[in-house]
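Take a look at the chain below.

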Amino acid sequence: LEDAGSGLHYATFWCNGSLVDGVTVSGKSAILKRTISLGPTDSDAKEPTRKRIYVRAWDKEGNSRHTPERTVFLANREPSAPDLRSKPEVDAHRGLRIAPGDSVTFLVRSRDPESQKVSYRFDWGEGATQEVGPRDSNTEVEASHSWKKPGVYAVRARAVDASGSESSRPDPIFVVVESKP
């Protein structure tokens, strides 16, 4: 199509007929950039979702052309590794030391790239686990736990988005449970 100075209109279509975006450009070419987010059913998929698109251009007289169809793959990305902290804070020299039965509160936060809700799986280091959530992405969440027996426990947390994608685990927080003399 030739642009006689009045501009060409470009639009990107999903092959199911829905319009993604359109732009009118004066000149011989246009670059269309678009960030495509997963929809509710796409974000539930464990495998990348395959979508077909094409671009159509037309001038003011109604003449049009379109590109061949292209296949785009959309994949759900895992949430970021959780930022795990404790209350009370861990002493860099002594570690987190408590007596049997004392409770420790842990704070955790993770961001999901698709802004899906996130649940957290806590591993308390003694065979017990706890799931908290789902909560909005990048929202701080608290969970508390106490240990009955003396020992050293590695506490870990993992973020899981609404589609089931799991984050990597951050370094553990070590809790030392000591009997009182």
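## A loop residue to start

Ala 75 sits in the loop between β5 and β6. This is a predicted model. Is Ala 75 buried or exposed, or does it fall in between? Its relative accessible area is 40%, so Ala 75 is partly exposed. The cut-offs explain the label: buried means under 20%, and exposed means over 50%.

Ala 75 and Glu 114 are 39 residues apart along the chain. Their C-alpha atoms are separated by 10.0 Å. Glu 114 comes up again below, as a partner in a salt bridge.

## The chain as a whole

How many helices and strands does the protein chain have? The count is zero helices and 13 strands. Read along the sequence, the pattern is therefore β-β-β-β-β-β-β-β-β-β-β-β-β.

The protein chain has 181 residues, and buried residues make up 34% of them. The chain exposes about 11200 Å². Carbon and sulfur atoms supply 46% of that area.

Now consider contacts between residues at least 6 apart in sequence. Of these, 57% join residues at least 24 apart.

Three strands form an open sheet. Their order is β6-β8-β11, and the pairing is antiparallel. Which strands lie at the edges? They are β6 and β11, and each pairs on one side only. Neighbouring strands of this sheet are turned by 25 degrees against each other on average, direction ignored.

Look next at β6 and β8. Five bridges join these two antiparallel strands. Ser 86 stands opposite Phe 106 in β8.

## Charged pairs

Side chains of opposite charge can pair when their charged atoms come close. The structure holds nine salt bridges. The table shows three of them.

| Pair | Distance, N to O |
|---|---|
| Arg 77 and Glu 114 | 3.0 Å |
| Glu 142 and Lys 87 | 3.3 Å |
| Arg 121 and Glu 131 | 3.3 Å |

Start with the salt bridge between Arg 77 and Glu 114. Arg 77 lies in the loop between β5 (70–74) and β6 (83–87), and Glu 114 lies in the loop between β8 (103–109) and β9 (118–123), so the pair ties together parts that are 37 residues apart in sequence. Arg 77 counts as partly exposed, at 48% relative accessibility. Glu 114 is partly exposed as well, with a relative accessible area of 22%.

Next come Glu 142 and Lys 87, whose side chains meet in a salt bridge. Where do the two partners lie? Glu 142 is in strand β11 (residues 141–146) and Lys 87 is in strand β6, so this pair ties together parts that are 55 residues apart in sequence. Glu 142 has 48% relative accessibility and counts as partly exposed. Lys 87 is partly exposed too, at 41%.

The pair of Arg 121 and Glu 131 also forms a salt bridge. Arg 121 lies in strand β9 and Glu 131 in strand β10 (residues 129–135), so the pair ties together parts that are 10 residues apart in sequence. Arg 121 counts as partly exposed, at 36% relative accessibility.

Tyr 120 is found in strand β9. Its relative accessibility is 0%, so Tyr 120 counts as buried. Neighbours within four places in sequence are left aside here. Beyond them, Tyr 120 is in contact with residues including Val 108, Gln 130, Val 132, Thr 139 and Val 141.

Tyr 120 and Ala 159 are 39 residues apart in sequence. In space, their C-alpha atoms are 4.7 Å apart. Ala 159 is also one of the residues in contact with Tyr 120. A polar atom of the Tyr 120 side chain lies 2.9 Å from the backbone nitrogen of Ser 110.

Ser 119 is found in strand β9 too. Is Ser 119 buried or exposed? With a relative accessible area of 9%, Ser 119 is buried. Not counting residues up to four places away in sequence, Ser 119 touches Glu 131, Val 132, Gly 133, Pro 134, Arg 158, Ala 159 and Val 160.

Terms used
Residues numbered from 1 in each chain as written. Predicted model: local features only at pLDDT ≥ 70, side-chain atom pairs only at ≥ 80, totals over all residues. Heavy atoms only, no water. Salt bridge = Lys/Arg side-chain N within 4 Å of Asp/Glu carboxyl O. Helix = DSSP H or I, 4+ residues; strand = E, 2+ residues; numbered from the N terminus. Buried < 20%, exposed > 50% of the residue type's maximum accessible area, 1.4 Å probe, protein only. Contact = heavy atoms within 4.5 Å. Polar contact = N/O pair within 3.5 Å; in protein donor to acceptor, adjacent residues only side chain to side chain. Areas by Shrake-Rupley, 256 points an atom, 1.4 Å probe, with all protein chains shown as cover. Pairing = 2+ DSSP bridges. Axes fitted to C-alpha atoms, helices over the stretch in contact; angles between N-to-C directions.
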